[in-house]
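User: Can you take me through this model? I'd like to start with pockets.

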Amino acid sequence: MSLIDTVKFDDRGLVSAIAQDFATGDVLMLAYMNRETLSETLSTGDMVYWSRSRQKRWKKGETSGHTQKVREVYIDCDGDALLFKINQSGAACHENYFSCFFRQNVNDEWEIVREKME
């Protein structure tokens, strides 16, 4: 059975996709994929997502130049979440942070704990 046939897409035809930096182990972002963007990602090695807000295909780095290259692919025990270990070029976050997870809860307040990239 192929990876795509193993994936349990939700009722909207989407699956959660976590991007993790291959070198550092940092969790970079959470996005979604449909069958077509997952297939494209697996065949090209470039991360391609489905934008829920824009309702269209979204190739990471297409406009920013901050690309993601697949190194390894994992699926969780339920088959409803994917983990991609990637090589990140530039910022993963649209706010120009290396990771989308740049805020930490400190004393019940959200503190920015990472530097923006140049």
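User: How much space lies in the largest pocket?
Analyst: About 500 Å³. Keep in mind that this is a predicted model.

User: Which residues lie nearest its centre?
Analyst: Arg54, Trp58, Lys60, Ala92 and His94. They belong to a lining of 23 residues.

User: How does the lining divide into nonpolar, polar and charged?
Analyst: Ten residues of the lining are nonpolar, six are polar and seven are charged. Strand S2 (27-33) and S4 each supply at least two of the lining residues.

User: OK, S4. How does it pair with S3?
Analyst: S4 (residues 56-59) and S3 pair in the antiparallel sense, over four bridges. Lysine 56 in S4 is the bridge partner of serine 51.

User: And which residue between those strands takes a positive phi?
Analyst: Glutamine 55, with phi near 55°. The hairpin has four residues between S3 and S4.

User: Which way do the S3 side chains point?
Analyst: Val48 and Trp50 point one way, Tyr49 and Ser51 the other. All four are buried. In a regular strand, side chains alternate between the two faces of the sheet.

User: Switching to glutamine 20: buried or exposed?
Analyst: Glutamine 20 counts as buried because its relative accessibility is 15%, and buried means under 20%. It is placed in strand S1 (residues 15-21).

User: What lies 2.9 Å from a polar atom of its side chain?
Analyst: The backbone oxygen of glycine 25. Leaving aside neighbours within four places in sequence, glutamine 20 is in contact with residues including Asp26, Val27, Leu83 and Phe84.

Note on methods
Residues numbered from 1 in each chain as written. Predicted model: local features only at pLDDT ≥ 70, side-chain atom pairs only at ≥ 80, totals over all residues. Heavy atoms only, no water. Buried < 20%, exposed > 50% of the residue type's maximum accessible area, 1.4 Å probe, protein only. Pairing = 2+ DSSP bridges. Polar contact = N/O pair within 3.5 Å; in protein donor to acceptor, adjacent residues only side chain to side chain. Contact = heavy atoms within 4.5 Å. 1 Å grid on protein atoms, 1.4 Å probe; cavity = no way out; pocket = protein on both sides within 12 Å on 5 of 7 lines; lining within 4 Å. Points joined across faces, edges and corners; volume = space filled by probe spheres on them. Nonpolar A, V, L, I, M, F, W, Y, C, P; charged D, E, K, R; others polar.
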